[in-house]
Amino acid sequence: MDVYARARELIDAAHAADFRLTPDGRAVELVYADRMESWVTRMAANAPQILRLAARCQHLERWKVPRSNYPEGRAGYFAWRRGLYVTQAERARGMLLAAGVTPSEADQAAAWIAKKDLGSDAGTQALEDAACLVFLENEIAHFAEVHAEYPREKFIGILQKTWRKMSPAARDVALSLDLPTPIATLVREATSEPPPP
């Protein structure tokens, strides 16, 4: 078994420990990892193995650090998210090294997972594009149900923030997604309105 296959086994074993299950009985984190890797390879057919593995670590053991561990509000949310980036990056780096991946590749993957140089680093941008596309294709409808009390303007703002993080290629793909009509309408509105200051 090569080092990348060994790393995949370690990463997916961690995902499989997620107690949250999808309706078909799969660990939520494992499903998310599959979706992330799928988008990375769809957007970059020749994605190197280390980028594919980094994509699988986007939410590595996120279930161990619930949002409820942090204060309510915007500041608490951003503190939670920043903490996750660091924790997930270091955990992934450790797994990659344990599998025999070179330190330089493990460091690079950790930098991508930690969102270093978003907008200027191709690997970091590839992971961000995949995360945004997973959100739009698989999660936004449920998010809208859970947050039904949000005014329309708030959803537009969330979509505009998501849009700003995506590359032009990912935006083109996002506009071609087969989304539920209410969500597709919100996406069209969000992408045609100027973003909030």
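Helix H2 spans residues 28-43 in this predicted model, helices being DSSP runs of H or I with at least four residues, numbered from the N terminus. Its 16 residues reach 23 Å from the first C-alpha to the last, close to the 22 Å expected at 1.5 Å a residue, where the expected span is 1.5 Å times one less than the number of residues. Buried positions in H2 are Glu29, Leu30, Val31, Tyr32, Ala33, Met36, Glu37, Trp39 and Val40 (buried, under 20% relative accessible area; exposed, over 50%; partly exposed, in between; 1.4 Å probe, protein chains only). The cover over these residues includes helices H1 (3-16), H3 (49-56), H6 (122-146) and H8 (168-175). The charged end of Arg42 sits over the ring of Trp39, 3.7 Å from its centre (criterion: NZ of Lys or CZ of Arg within 6 Å of the ring centre and within 35 degrees of the ring normal).

Residues are numbered from 1 along each chain as its sequence is written. Local features need pLDDT of at least 70 and side-chain atom pairs pLDDT 80 or more, whereas totals for chains, interfaces and linings use all residues; side-chain values use heavy atoms, without hydrogens and water.

Gln125 is located in helix H6 and is buried, at 14% relative accessibility. A polar atom of its side chain lies 3.4 Å from the backbone nitrogen of Gly119. Apart from neighbours within four places in sequence, Gln125 contacts Leu118, Gly119, Lys165, Met166 and Ser167 (contact, heavy atoms within 4.5 Å).

The structure holds zero disulfides (cysteine sulfur atoms within 2.5 Å). The sulfur of Cys57 is 18 Å from the closest cysteine sulfur, that of Cys132, which is too far for a bond. Cys57 is buried at 1% relative accessible area, and Cys132 is buried at 3%.

Seven aromatic pairs are found in the whole structure (ring centres of Phe, Tyr and Trp, the last by its six-membered ring, within 6.5 Å; planes under 30 degrees apart are stacked, over 60 edge-to-face, the rest tilted). Phe19 and Trp63 form an edge-to-face pair, 5.9 Å centre to centre with 85° between the planes. Phe19 lies in the loop between H1 and H2 and Trp63 in the loop between H3 and helix H4 (73-99), so the pair ties together parts 44 residues apart in sequence. Phe19 is exposed, at 60% relative accessible area. Tyr150 and Phe155 form a tilted pair, 5.6 Å centre to centre with 50° between the planes; Phe155 is buried, at 11%. Ring pairs link Phe135, Phe143, Tyr150 and Phe155 into a cluster. The charged end of Lys154 sits over the Tyr150 ring, 4.2 Å from its centre.

Methods
Helices (H or I, at least four residues) and strands (E, at least two) are DSSP runs, numbered from the N terminus. A polar contact is a pair of N or O atoms within 3.5 Å; within protein, one must be able to donate a hydrogen and the other to accept it, and residues adjacent in sequence count only if both atoms are side-chain atoms.
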